[in-house]
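Dear colleague,

Please find below the structure that I am handing over to you. My notes on it come after the display.

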Amino acid sequence: MALKEQIIENHHEFLESLRHRFLDDSRKAALQKFENIGFPTKKDEEYKYTNLKEITEKNYNFFPKENHNITKEQFDELHLGEENFDWIVFVNGKLHKELSKVSIENVEFLSFNYALNDEKHREVFEKYFNTIAAKDLAFTNLNLAYCKYGFFLKVPKNVVIEKPIHVFYISQNQEENAFYNTRNLLIVEEGAKVEVIESHHNFDSTYVFTNSVTEIFTYPNAKADWHKLQNDNNTSYLVDHTFARQEKDSLTTVNTFSFGGKLVRNNLDFIQNGSNINSFMNGITIIGKDQLVDHHTAVHHNFPNCESYQNYKGIFDGNAHGVFNGKVFVDKIAQKTNAYQQNNNVLLSEGASIDTKPQLEIFADDVKCSHGCTVGQLNEDALFYLRARGISKKEAQALLLYAFANDAMQNIDIEPLKEKISKLLAEKLEVDIEF
(Lines give C-alpha, C1' and ligand atoms only; values in the text may rest on other atoms or scores of the structure.)
Protein backbone atom coordinates (compact mmCIF):
# COMPACT_ATOMS: atom_id res chain seq x y z
CA MET A 1 0.00 0.00 0.00
CA ALA A 2 1.32 3.47 -0.89
CA LEU A 3 2.22 5.72 2.03
CA LYS A 4 -0.59 8.20 1.35
CA GLU A 5 -3.21 5.46 1.77
CA GLN A 6 -1.45 4.23 4.95
CA ILE A 7 -1.58 7.74 6.40
CA ILE A 8 -5.31 8.11 5.79
CA GLU A 9 -6.11 4.61 7.02
CA ASN A 10 -4.19 4.92 10.32
CA HIS A 11 -5.30 8.40 11.35
CA HIS A 12 -8.43 7.45 13.29
CA GLU A 13 -6.49 4.93 15.39
CA PHE A 14 -3.80 7.56 15.97
CA LEU A 15 -6.33 10.09 17.26
CA GLU A 16 -7.84 7.48 19.58
CA SER A 17 -4.40 6.83 21.08
CA LEU A 18 -3.98 10.45 22.22
CA ARG A 19 -4.80 11.83 25.64
CA HIS A 20 -5.15 15.43 24.48
CA ARG A 21 -8.21 16.26 22.40
CA PHE A 22 -8.09 20.02 21.80
CA LEU A 23 -6.12 19.57 18.57
CA ASP A 24 -8.41 16.92 17.10
CA ASP A 25 -10.27 19.28 14.75
CA SER A 26 -7.00 20.85 13.56
CA ARG A 27 -5.52 17.40 12.97
CA LYS A 28 -8.53 16.26 10.94
CA ALA A 29 -8.44 19.43 8.85
CA ALA A 30 -4.70 19.01 8.27
CA LEU A 31 -5.20 15.41 7.15
CA GLN A 32 -7.86 16.56 4.69
CA LYS A 33 -5.49 19.17 3.30
CA PHE A 34 -2.76 16.57 2.98
CA GLU A 35 -5.16 14.21 1.21
CA ASN A 36 -6.06 16.97 -1.26
CA ILE A 37 -2.45 18.04 -1.86
CA GLY A 38 -0.74 14.65 -1.88
CA PHE A 39 3.00 14.12 -1.79
CA PRO A 40 5.08 16.36 -4.06
CA THR A 41 6.32 14.79 -7.29
CA LYS A 42 9.02 15.81 -9.74
CA LYS A 43 6.33 17.70 -11.65
CA ASP A 44 6.25 20.18 -8.75
CA GLU A 45 8.81 22.94 -9.28
CA GLU A 46 10.03 22.79 -5.66
CA TYR A 47 10.73 19.04 -5.99
CA LYS A 48 11.96 19.06 -9.56
CA TYR A 49 15.28 17.46 -8.62
CA THR A 50 14.19 15.34 -5.64
CA ASN A 51 12.28 12.12 -6.24
CA LEU A 52 10.35 11.00 -3.15
CA LYS A 53 9.16 7.68 -4.57
CA GLU A 54 11.75 5.77 -2.58
CA ILE A 55 10.09 7.07 0.59
CA THR A 56 6.44 7.04 -0.40
CA GLU A 57 6.27 3.53 -1.83
CA LYS A 58 7.34 1.75 1.37
CA ASN A 59 5.17 0.42 4.19
CA TYR A 60 5.67 1.92 7.67
CA ASN A 61 4.61 1.20 11.22
CA PHE A 62 2.70 4.25 12.49
CA PHE A 63 2.95 3.05 16.10
CA PRO A 64 6.63 2.20 16.65
CA LYS A 65 7.53 -0.06 19.56
CA GLU A 66 8.39 2.10 22.56
CA ASN A 67 10.71 -0.32 24.35
CA HIS A 68 14.41 -0.19 23.56
CA ASN A 69 17.69 -1.76 24.66
CA ILE A 70 20.17 1.03 23.97
CA THR A 71 23.31 0.62 26.03
CA LYS A 72 25.14 3.43 27.78
CA GLU A 73 28.09 2.85 25.45
CA GLN A 74 25.90 3.27 22.37
CA PHE A 75 24.40 6.47 23.72
CA ASP A 76 27.78 7.86 24.81
CA GLU A 77 29.04 7.51 21.23
CA LEU A 78 26.37 9.97 20.10
CA HIS A 79 27.57 12.70 22.43
CA LEU A 80 29.90 15.46 21.36
CA GLY A 81 31.93 15.29 24.54
CA GLU A 82 29.51 17.85 25.93
CA GLU A 83 29.84 17.19 29.66
CA ASN A 84 28.69 20.72 30.40
CA PHE A 85 25.64 20.52 28.11
CA ASP A 86 22.05 19.71 28.90
CA TRP A 87 20.31 17.12 26.76
CA ILE A 88 16.87 15.70 26.21
CA VAL A 89 16.44 12.25 24.67
CA PHE A 90 13.54 10.81 22.71
CA VAL A 91 13.70 7.09 21.91
CA ASN A 92 11.13 5.65 19.51
CA GLY A 93 9.19 8.90 19.84
CA LYS A 94 8.97 8.90 23.63
CA LEU A 95 10.84 11.16 26.07
CA HIS A 96 13.21 9.21 28.33
CA LYS A 97 14.04 11.14 31.48
CA GLU A 98 16.56 8.56 32.64
CA LEU A 99 18.70 9.26 29.55
CA SER A 100 18.18 13.04 29.70
CA LYS A 101 20.02 15.64 31.75
CA VAL A 102 18.30 18.96 32.38
CA SER A 103 19.70 21.52 34.81
CA ILE A 104 17.92 24.58 33.45
CA GLU A 105 16.19 26.89 35.91
CA ASN A 106 13.70 29.70 35.32
CA VAL A 107 12.55 28.39 31.95
CA GLU A 108 9.66 26.31 30.78
CA PHE A 109 11.51 23.28 29.43
CA LEU A 110 9.17 20.48 28.54
CA SER A 111 8.53 17.75 26.07
CA PHE A 112 6.01 18.61 23.40
CA ASN A 113 3.68 15.84 24.56
CA TYR A 114 3.67 17.04 28.18
CA ALA A 115 2.92 20.60 27.12
CA LEU A 116 -0.01 19.40 25.02
CA ASN A 117 -1.51 17.69 28.07
CA ASP A 118 -0.84 20.47 30.57
CA GLU A 119 -3.62 23.04 30.93
CA LYS A 120 -1.12 25.66 32.15
CA HIS A 121 0.58 25.68 28.75
CA ARG A 122 -2.56 25.60 26.62
CA GLU A 123 -2.48 29.38 26.24
CA VAL A 124 1.13 29.31 25.02
CA PHE A 125 0.31 26.69 22.42
CA GLU A 126 -2.74 28.49 21.17
CA LYS A 127 -0.62 31.63 20.76
CA TYR A 128 2.37 30.07 18.98
CA PHE A 129 1.77 26.53 17.80
CA ASN A 130 1.41 26.17 14.02
CA THR A 131 1.23 29.95 13.47
CA ILE A 132 4.27 30.33 11.20
CA ALA A 133 4.46 26.82 9.72
CA ALA A 134 3.22 26.93 6.13
CA LYS A 135 -0.41 25.82 5.81
CA ASP A 136 -0.25 24.83 2.14
CA LEU A 137 2.49 22.16 2.19
CA ALA A 138 1.96 18.41 2.22
CA PHE A 139 4.59 17.66 4.85
CA THR A 140 3.60 20.40 7.30
CA ASN A 141 -0.02 19.28 7.17
CA LEU A 142 1.04 15.67 7.57
CA ASN A 143 3.09 16.63 10.61
CA LEU A 144 0.19 18.50 12.20
CA ALA A 145 -2.08 15.52 11.60
CA TYR A 146 0.32 13.09 13.29
CA CYS A 147 2.71 14.98 15.59
CA LYS A 148 2.80 13.66 19.12
CA TYR A 149 6.33 13.94 20.49
CA GLY A 150 9.05 16.53 20.36
CA PHE A 151 10.87 19.40 22.03
CA PHE A 152 9.34 22.51 23.61
CA LEU A 153 11.22 25.40 25.19
CA LYS A 154 10.15 28.88 26.23
CA VAL A 155 12.98 31.11 27.45
CA PRO A 156 11.68 34.04 29.53
CA LYS A 157 12.71 37.66 29.11
CA ASN A 158 16.43 38.41 29.67
CA VAL A 159 17.26 34.81 30.64
CA VAL A 160 20.55 33.59 29.18
CA ILE A 161 20.90 29.81 29.02
CA GLU A 162 24.63 29.23 29.35
CA LYS A 163 24.59 25.52 28.52
CA PRO A 164 23.73 24.39 24.99
CA ILE A 165 20.86 21.91 24.80
CA HIS A 166 21.26 18.79 22.66
CA VAL A 167 17.99 17.18 21.51
CA PHE A 168 18.40 13.53 20.48
CA TYR A 169 15.82 11.68 18.38
CA ILE A 170 16.66 7.96 18.41
CA SER A 171 14.96 5.01 16.72
CA GLN A 172 15.95 1.53 17.90
CA ASN A 173 14.59 -1.99 18.31
CA GLN A 174 12.12 -1.64 15.41
CA GLU A 175 11.35 -4.76 13.39
CA GLU A 176 9.37 -2.82 10.79
CA ASN A 177 10.00 0.44 8.96
CA ALA A 178 9.11 3.26 11.37
CA PHE A 179 7.35 6.57 10.71
CA TYR A 180 7.90 9.58 13.02
CA ASN A 181 6.46 13.09 12.97
CA THR A 182 8.57 15.15 15.36
CA ARG A 183 7.60 18.67 16.36
CA ASN A 184 9.77 21.40 17.91
CA LEU A 185 8.69 24.76 19.32
CA LEU A 186 11.23 27.33 20.57
CA ILE A 187 10.20 30.71 21.99
CA VAL A 188 13.00 33.11 22.97
CA GLU A 189 11.61 36.20 24.67
CA GLU A 190 13.12 39.69 24.69
CA GLY A 191 16.80 39.81 25.65
CA ALA A 192 17.07 36.03 26.10
CA LYS A 193 19.68 33.69 24.56
CA VAL A 194 19.78 29.96 23.85
CA GLU A 195 21.61 27.42 21.65
CA VAL A 196 20.05 24.12 20.57
CA ILE A 197 21.56 21.12 18.78
CA GLU A 198 19.26 18.61 17.05
CA SER A 199 20.32 15.17 15.84
CA HIS A 200 18.51 12.06 14.56
CA HIS A 201 19.83 8.50 14.85
CA ASN A 202 18.56 5.17 13.49
CA PHE A 203 20.17 2.12 15.13
CA ASP A 204 18.29 -0.46 13.03
CA SER A 205 18.65 -1.87 9.54
CA THR A 206 14.95 -1.20 8.93
CA TYR A 207 14.01 2.11 7.32
CA VAL A 208 13.04 5.19 9.31
CA PHE A 209 11.13 8.11 7.82
CA THR A 210 11.12 11.26 9.96
CA ASN A 211 8.94 14.21 9.03
CA SER A 212 10.01 17.09 11.27
CA VAL A 213 8.62 20.60 11.74
CA THR A 214 10.31 23.29 13.87
CA GLU A 215 8.98 26.75 14.73
CA ILE A 216 11.37 29.35 16.21
CA PHE A 217 10.26 32.72 17.61
CA THR A 218 13.00 35.24 18.43
CA TYR A 219 11.92 38.44 20.18
CA PRO A 220 13.68 41.87 20.32
CA ASN A 221 17.35 41.79 21.34
CA ALA A 222 17.17 38.01 21.68
CA LYS A 223 19.55 35.43 20.19
CA ALA A 224 18.61 31.91 19.09
CA ASP A 225 20.98 29.42 17.47
CA TRP A 226 19.73 26.07 16.14
CA HIS A 227 22.29 23.55 14.87
CA LYS A 228 21.16 20.51 12.86
CA LEU A 229 23.63 17.62 12.90
CA GLN A 230 22.61 15.07 10.26
CA ASN A 231 24.84 12.01 10.28
CA ASP A 232 22.40 9.10 10.18
CA ASN A 233 22.74 5.71 8.48
CA ASN A 234 21.76 4.76 4.94
CA THR A 235 18.30 3.47 5.90
CA SER A 236 17.13 6.88 7.12
CA TYR A 237 14.95 9.48 5.43
CA LEU A 238 14.49 12.97 6.84
CA VAL A 239 12.21 15.74 5.58
CA ASP A 240 12.64 18.83 7.73
CA HIS A 241 10.76 22.13 7.69
CA THR A 242 12.07 24.91 9.93
CA PHE A 243 10.35 28.30 10.24
CA ALA A 244 11.98 31.19 12.10
CA ARG A 245 10.23 34.49 12.84
CA GLN A 246 12.36 37.34 14.16
CA GLU A 247 11.39 40.60 15.81
CA LYS A 248 13.48 43.80 15.72
CA ASP A 249 17.14 43.79 16.83
CA SER A 250 17.24 39.98 17.06
CA LEU A 251 19.74 37.44 15.78
CA THR A 252 18.88 33.91 14.68
CA THR A 253 21.18 31.28 13.19
CA VAL A 254 20.36 27.89 11.68
CA ASN A 255 23.37 25.74 10.82
CA THR A 256 22.80 22.50 8.90
CA PHE A 257 25.54 19.87 8.74
CA SER A 258 24.54 16.97 6.46
CA PHE A 259 26.93 14.00 6.50
CA GLY A 260 24.56 11.03 6.36
CA GLY A 261 21.10 9.69 5.61
CA LYS A 262 19.78 8.14 2.40
CA LEU A 263 17.58 11.10 1.49
CA VAL A 264 17.56 14.40 3.37
CA ARG A 265 15.42 17.40 2.48
CA ASN A 266 15.94 20.61 4.49
CA ASN A 267 13.40 23.43 4.09
CA LEU A 268 14.26 26.66 5.88
CA ASP A 269 12.12 29.82 6.02
CA PHE A 270 13.15 33.02 7.80
CA ILE A 271 10.53 35.72 8.33
CA GLN A 272 11.94 39.11 9.36
CA ASN A 273 9.29 41.00 11.30
CA GLY A 274 11.15 44.17 12.32
CA SER A 275 14.19 46.32 11.65
CA ASN A 276 17.87 45.72 12.48
CA ILE A 277 17.53 41.93 12.25
CA ASN A 278 20.37 39.54 11.47
CA SER A 279 19.67 36.09 10.00
CA PHE A 280 22.39 33.50 9.41
CA MET A 281 22.13 30.20 7.49
CA ASN A 282 25.18 27.99 7.00
CA GLY A 283 25.43 24.46 5.66
CA ILE A 284 28.03 21.79 4.97
CA THR A 285 27.11 18.69 2.97
CA ILE A 286 29.48 15.77 2.42
CA ILE A 287 27.87 12.66 0.93
CA GLY A 288 28.69 9.77 -1.39
CA LYS A 289 27.28 6.52 -2.80
CA ASP A 290 23.68 7.22 -3.89
CA GLN A 291 22.75 9.67 -1.13
CA LEU A 292 20.76 12.84 -1.75
CA VAL A 293 20.70 16.06 0.27
CA ASP A 294 18.42 18.91 -0.81
CA HIS A 295 18.56 22.39 0.79
CA HIS A 296 15.71 24.81 0.08
CA THR A 297 16.01 28.17 1.86
CA ALA A 298 14.00 31.38 1.85
CA VAL A 299 14.50 34.72 3.61
CA HIS A 300 11.67 37.26 3.69
CA HIS A 301 13.04 40.79 4.19
CA ASN A 302 9.94 42.73 5.20
CA PHE A 303 11.49 45.70 7.06
CA PRO A 304 14.40 48.09 6.47
CA ASN A 305 17.96 47.90 7.81
CA CYS A 306 18.18 44.09 8.05
CA GLU A 307 20.80 41.58 6.99
CA SER A 308 20.87 37.92 5.99
CA TYR A 309 23.77 35.61 5.17
CA GLN A 310 23.59 32.21 3.49
CA ASN A 311 26.75 30.15 3.01
CA TYR A 312 26.37 26.53 1.85
CA LYS A 313 29.24 24.22 0.89
CA GLY A 314 28.80 20.82 -0.77
CA ILE A 315 31.20 17.94 -1.46
CA PHE A 316 29.78 15.06 -3.49
CA ASP A 317 31.31 11.67 -4.33
CA GLY A 318 30.10 8.42 -5.89
CA ASN A 319 26.63 8.85 -7.35
CA ALA A 320 25.58 11.40 -4.74
CA HIS A 321 23.18 14.16 -5.70
CA GLY A 322 22.95 17.59 -4.13
CA VAL A 323 20.32 20.28 -4.53
CA PHE A 324 20.42 23.90 -3.40
CA ASN A 325 17.64 26.40 -4.00
CA GLY A 326 18.07 29.61 -2.05
CA LYS A 327 15.59 32.47 -2.26
CA VAL A 328 15.76 36.02 -0.96
CA PHE A 329 12.65 38.22 -1.07
CA VAL A 330 13.07 41.97 -0.44
CA ASP A 331 9.86 43.93 0.10
CA LYS A 332 9.54 47.45 -1.33
CA ILE A 333 9.74 48.97 2.17
CA ALA A 334 12.84 46.93 3.10
CA GLN A 335 15.37 49.63 2.19
CA LYS A 336 19.01 49.30 3.36
CA THR A 337 18.75 45.50 3.15
CA ASN A 338 22.04 43.60 2.98
CA ALA A 339 21.53 40.04 1.73
CA TYR A 340 24.35 37.64 0.88
CA GLN A 341 23.89 34.19 -0.60
CA GLN A 342 26.58 31.77 -1.72
CA ASN A 343 26.60 28.09 -2.68
CA ASN A 344 29.92 26.42 -3.60
CA ASN A 345 30.25 22.78 -4.58
CA VAL A 346 32.96 20.26 -5.42
CA LEU A 347 32.26 17.10 -7.43
CA LEU A 348 34.73 14.29 -6.74
CA SER A 349 33.44 11.75 -9.27
CA GLU A 350 31.78 11.60 -12.68
CA GLY A 351 28.62 10.14 -11.14
CA ALA A 352 28.13 12.96 -8.61
CA SER A 353 25.85 15.89 -9.46
CA ILE A 354 24.49 19.14 -8.05
CA ASP A 355 21.52 21.27 -9.08
CA THR A 356 21.92 24.77 -7.68
CA LYS A 357 19.68 27.79 -8.10
CA PRO A 358 20.18 30.94 -6.00
CA GLN A 359 17.37 33.46 -6.50
CA LEU A 360 16.71 37.10 -5.64
CA GLU A 361 13.39 38.93 -5.84
CA ILE A 362 14.01 42.59 -4.99
CA PHE A 363 11.35 45.31 -4.89
CA ALA A 364 13.42 47.94 -3.02
CA ASP A 365 16.03 50.17 -4.68
CA ASP A 366 18.48 50.95 -1.85
CA VAL A 367 19.86 47.50 -1.10
CA LYS A 368 23.04 45.42 -1.27
CA CYS A 369 22.14 41.93 -2.43
CA SER A 370 24.46 39.36 -3.95
CA HIS A 371 24.23 35.72 -4.84
CA GLY A 372 26.44 33.19 -6.52
CA CYS A 373 27.22 29.54 -6.96
CA THR A 374 30.15 27.49 -8.18
CA VAL A 375 30.42 23.86 -9.26
CA GLY A 376 33.80 22.38 -10.01
CA GLN A 377 36.70 20.21 -8.99
CA LEU A 378 39.76 20.83 -6.84
CA ASN A 379 42.27 23.47 -7.86
CA GLU A 380 45.09 21.67 -9.68
CA ASP A 381 47.67 24.35 -8.83
CA ALA A 382 46.94 24.09 -5.11
CA LEU A 383 47.04 20.31 -5.37
CA PHE A 384 50.43 20.45 -7.11
CA TYR A 385 51.74 22.87 -4.46
CA LEU A 386 50.91 20.45 -1.63
CA ARG A 387 52.21 17.38 -3.45
CA ALA A 388 55.49 19.17 -4.19
CA ARG A 389 55.98 19.34 -0.42
CA GLY A 390 55.81 15.60 0.08
CA ILE A 391 52.07 15.28 0.80
CA SER A 392 50.34 12.35 -0.86
CA LYS A 393 47.63 13.04 -3.43
CA LYS A 394 44.89 11.66 -1.19
CA GLU A 395 45.99 13.73 1.80
CA ALA A 396 46.42 16.84 -0.34
CA GLN A 397 42.88 16.46 -1.72
CA ALA A 398 41.48 15.98 1.77
CA LEU A 399 43.27 19.03 3.16
CA LEU A 400 41.98 21.23 0.33
CA LEU A 401 38.44 19.96 0.82
CA TYR A 402 38.67 20.53 4.57
CA ALA A 403 39.75 24.12 3.98
CA PHE A 404 36.99 24.54 1.39
CA ALA A 405 34.27 23.54 3.86
CA ASN A 406 35.77 25.07 6.98
CA ASP A 407 34.54 28.66 6.59
CA ALA A 408 30.91 27.51 6.90
CA MET A 409 31.71 26.64 10.55
CA GLN A 410 33.09 30.00 11.59
CA ASN A 411 30.00 31.24 13.43
CA ILE A 412 29.64 28.14 15.64
CA ASP A 413 30.07 29.37 19.22
CA ILE A 414 29.94 25.90 20.80
CA GLU A 415 33.48 24.53 20.85
CA PRO A 416 32.56 20.82 21.34
CA LEU A 417 30.17 21.06 18.38
CA LYS A 418 32.78 22.81 16.26
CA GLU A 419 35.29 20.09 17.14
CA LYS A 420 32.75 17.35 16.37
CA ILE A 421 32.01 18.85 12.94
CA SER A 422 35.74 19.13 12.26
CA LYS A 423 36.25 15.47 13.20
CA LEU A 424 33.35 14.37 11.02
CA LEU A 425 34.82 16.35 8.15
CA ALA A 426 38.18 14.66 8.68
CA GLU A 427 36.58 11.21 8.90
CA LYS A 428 34.56 11.73 5.74
CA LEU A 429 37.65 12.98 3.93
CA GLU A 430 39.84 10.24 5.46
CA VAL A 431 42.56 12.56 6.68
CA ASP A 432 44.32 13.01 10.02
CA ILE A 433 43.97 16.55 11.30
CA GLU A 434 45.00 17.80 14.72
CA PHE A 435 42.32 19.77 16.57
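This is a predicted model: local features need pLDDT of at least 70, side-chain atom pairs count only at pLDDT 80 or more; totals for chains, interfaces and linings use all residues.

Residues are numbered from 1 along each chain as its sequence is written, and side-chain values use heavy atoms, with hydrogens and water left out.

Strand β9 covers residues 208-218. Helices (H or I, at least four residues) and strands (E, at least two) are DSSP runs, numbered from the N terminus. Of the 11 residues of β9, 11 are buried, so the strand is largely enclosed by the rest of the structure. Buried means under 20% relative accessible area, exposed over 50%, and partly exposed in between (1.4 Å probe, protein chains only). V208, T210, S212, T214, I216 and T218 point one way, while F209, N211, V213, E215 and F217 point the other way.

Which strands run parallel to β9? Two strands pair if DSSP finds at least two bridges between them. Strand β6 (residues 178-180) is joined to β9 by 3 bridges in the parallel sense, with A178 opposite V208. Strand β7 (residues 182-188) pairs with β9 in parallel over 6 bridges, and I187 stands opposite F217. Strand β11 (residues 236-246) runs parallel to β9, joined by 11 bridges; here F217 faces R245.

The lining of the largest pocket draws at least three residues from each of domain 1 (3-393) and domain 2 (394-434); these bounds come from an automatic or database domain assignment.

Yours sincerely
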